[in-house]
Amino acid sequence: MADADARFAPVPLRQLMALKRPTGETLAGLVKAKTGHVFKDLRLLETALTHSSAIKAASNNQRLEFLGDRVLGLIVADMLFEKFPDAPEGEIAPRFNALVDAKTCSEIGIEMQLEDLVRADAALKTRSRGSGGNYLADAVEALIAAVYVDGGIDAARRFVLRYWEPRSRTVVAKPLNPKSDLQEWIAKTSDARPEYVIEKREGPDHQPVFTVSLQVSGFAPSTGTGGSRRAAEEAAASAFLLREGVWANASAQKSEPFFGKHDA
């Protein structure tokens, strides 16, 4: 009986997809479950899920990807504008950039299990299996555009919010920007301007080491080293901020969250 049960056990969806990629109404049904949208134009849906690497494909999703990138940007920007009404642009922008980048789109493609619905070069899909890859990010953006063209902006918004809204609550670490932070701090207390002076340059041309001195009127100078002039200047600014207590410590700055007072 155990052998009989094994023979009639359902075949996993991924294994079925490997045998034959779904098309037509079958594909539309699977996509409906993932997006909430019922496609009227099945050819448009097929195009959205056809990568440029697909052999003998009559069309591909590059144009839809272009449109989908813009539709995604508009919907995510609107979502953040409404969700965080008190946050300034400087705080919204990093979160927006993180939400619309290729990495996030690829992760959503994996979550949606689009790997087996996208028509693409077999070698490309094999190399990207489990890690997403740009072809999945492209497919997600193209699918957003297809939903928009087929069902309008409200349908596209429902699809986007389903996957992007939960991610919008994720804390985004504030990036370290020592030179900018130093400039802002000095501006609050005086008219002084920071001056960066290259003290020396050592090492071979392919691996230089710069030493920079930071001078601010009324304060002791600080120094920093780095593989480029910019890196050395940032190191000098960081040393100054730490010494003067503007930064409690570097690790605290790295973990400072955006939107802490705005998140629900």
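**Note on the predicted model**

1. Setting aside residues up to four places away in sequence, Thr104 touches Ala98, Leu99, Trp164 and Arg167, where a contact means heavy atoms within 4.5 Å. This is a predicted model, in which local features need pLDDT of at least 70 and side-chain atom pairs count only at pLDDT 80 or more, while totals for chains, interfaces and linings use all residues. Residues are numbered from 1 along each chain as its sequence is written, and side-chain values use heavy atoms, with hydrogens and water left out.

2. Thr104 belongs to helix H7, residues 102–111; helices (H or I, at least four residues) and strands (E, at least two) are DSSP runs numbered from the N terminus. With a relative accessible area of 9%, Thr104 is buried, the term meaning under 20% relative accessible area, as against over 50% for exposed and partly exposed in between (1.4 Å probe, protein chains only). The side chain of Thr104 also reaches the backbone oxygen of Ala98 at 2.6 Å.

3. Thr35 is buried, its relative accessible area being 4%, and, not counting residues up to four places away in sequence, Thr35 touches Met112, Leu143, Phe159 and Arg162. Thr35 and Met112 are 77 residues apart along the chain, and their C-alpha atoms are separated by 8.8 Å. A polar atom of the Thr35 side chain lies 3.1 Å from the backbone nitrogen of His37.

4. The strands deserve a separate look. Strand E2 (residues 209–215) pairs with E3 in the antiparallel sense over 5 bridges, and two strands count as paired if DSSP finds at least two bridges between them. Within this pairing, Thr223 in E3 is the bridge partner of Ser213. The hairpin of E2 and E3 has 6 residues between the strands, and there Gly218 takes a positive phi near 95 degrees.

5. In a regular strand the side chains alternate between the two faces of the sheet.

6. Among contacts between residues at least 6 apart in sequence, 58% join residues at least 24 apart. The accessible surface comes to about 15100 Å², of which 53% belongs to carbon and sulfur atoms, with areas taken from the Shrake-Rupley method with a 1.4 Å probe and, for residues, only the protein chains shown counting as cover.

Technical notes
Polar contact = N/O pair within 3.5 Å; in protein donor to acceptor, adjacent residues only side chain to side chain.
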